[in-house]
Amino acid sequence: MSFEAADRLFDAAIPSAIAMQERAGIDYVSDGEWRRESYIKVISEHVEGFQVNAMPSVSGSVSDPAVVAPIRKRDDLATSAAKYLLSHTTRRAIVTLPSPYILGWRMWKADISSGAYATRAEFMVACAAILRNEVENLVSAGVDHIQIDEPWLLLLVDPEHRERVGITSIDDEIETCVGMINEVLATAGTTPTSVHMCHAHFARKRYADGGYEPIIDAFAEINVDRFAMEFTAPESHGVDVLKRFPANKTLGLGVIDQIDRNIETPQLVIERVEEALKHVPVDRLTLNPDCGFSPSAQNPMDIDEAYLKLGAMSAAAEELRRRHE
Ligand SMILES: [Zn+2]
């Protein structure tokens, strides 16, 4: 099927993803990210220079694209989709892009990529230029919030992950990652921004384990308004680390486990929030699920579950607003 034909089908389907979120009571809605095969593949779907199925996927099941030639934008990554979203909702619209750092790790493979980019870092810089331009276009389109997805910053805390991919210095990796995020968001202006972190999930399993302690002090260096963090996951090891959360940032507290098929009650969500409120003031706390519900072949998700879970989160938010007015 051509991209054009697929887009017509997505145009027909996406209003239902938007309506589902609106009905669940969500303040910032997305298009469900249904147009993308995955949140990172959005780059290889709209940028030339990639070879499909050339990179072993970290999930071990399906191969990812790898960069094999200098990258060049074919069409926009997210701006047309964002305009479609904006014209189909009266709520605020949030749009996500992957960070250059994760793209560097997931799509650069020395033996086939070094002809185009001698190092992983050079490829990250090239990705950052494209993403930075996309952020500028999203701002012009009038989106209400831009989120950079960066699970690999959190994956750094897991020694098994570091060994698997050959990372020796966490500090060097943090510095590169932070620099890349700041580069991309330099064009965001006054549009609010988030960075999302999680332990990555495939087929209802999390990929890594470890709390935020080794990375949280770097948050102050990231030029972003809000951190959308996974906290329901046992792999996050609790909210005590939030006592080191920077005072000038907003927390996006993960209160819904998108992997667990059991639907949280609003009461359970409220308990999770009250725990976090011991460390972060109420005016700097927002709620989100631990990670997204976007479905894919690698990661089948259930839309009814998503609806019920988001509904529980909204009901909890309403009660908490009453309680903490
Ligand atoms: Zn995530």
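Let me start with tyrosine 307, which is partly exposed, with a relative accessible area of 29%, and which lies in helix 12. Please keep in mind throughout that what we are looking at is a predicted model. Leaving aside residues up to four places away in sequence, tyrosine 307 touches Met20, Arg23 and Ala24.

In which order do the strands of the open sheet come? There are 7 strands, the order is 1-4-5-6-9-10-11, and the pairing is parallel. Strand 1 and strand 11 stand at the edges, and each has a single partner strand, so one side of each is left without a neighbour in the sheet.

Strand 1 pairs with strand 4 in the parallel sense over 2 bridges, and here tyrosine 28 has arginine 92, in strand 4, as its bridge partner. Strand 4 in turn pairs with strand 5, again in the parallel sense, over 5 bridges, with isoleucine 94 facing its bridge partner histidine 145 in strand 5. Is strand 4 mostly covered or mostly open? Strand 4 is mostly covered, since 6 of its 7 residues are buried. The next step takes us from strand 5, residues 145-149, to strand 6, and these two run parallel and are joined by 4 bridges; within this pair, aspartate 149 stands opposite histidine 196 of strand 6.

Histidine 196 brings us to the metal. Which residues coordinate the zinc ion? They are His196 through NE2, Cys198 through SG and Cys291 through SG, at 2.1 to 2.2 Å. Along the chain, these donors of the zinc ion follow the spacing H-x1-C-x92-C. Histidine 196, in strand 6 (residues 193-197), and cysteine 291, in the loop between strand 11 (285-289) and helix 12 (303-323), are 95 residues apart, and the pair links distant parts of the chain. Both histidine 196 and cysteine 291 are buried.

Next comes the second largest pocket, whose volume is about 530 Å³. It is lined by 28 residues, of which Asp7, Arg35, His46, Leu77 and Ala81 are the closest to its centre. Helix 1 (3-24), helix 2, helix 3 (79-86) and strand 4 (92-98) are the elements that give two or more residues to this lining.

I will end with two backbone details in loops. Glutamate 33 lies in the loop between strand 1 (28-29) and helix 2 (42-46), and its phi is near 55 degrees, a positive value in a residue other than glycine. Why does glutamate 33 count as buried? Its relative accessible area is 16%, and buried means under 20%. The other detail concerns histidine 237, found in the loop between strand 9 (226-229) and strand 10 (250-256), where phi of histidine 237 is near 60 degrees, also a positive value in a residue other than glycine.

Terms used:
Residues numbered from 1 in each chain as written. Predicted model: local features only at pLDDT ≥ 70, side-chain atom pairs only at ≥ 80, totals over all residues. Heavy atoms only, no water. Donors = N, O, S within 2.8 Å, 3.2 Å for Na, K, Ca; no water. Buried < 20%, exposed > 50% of the residue type's maximum accessible area, 1.4 Å probe, protein only. Pairing = 2+ DSSP bridges. 1 Å grid on protein atoms, 1.4 Å probe; cavity = no way out; pocket = protein on both sides within 12 Å on 5 of 7 lines; lining within 4 Å. Points joined across faces, edges and corners; volume = space filled by probe spheres on them. Contact = heavy atoms within 4.5 Å.
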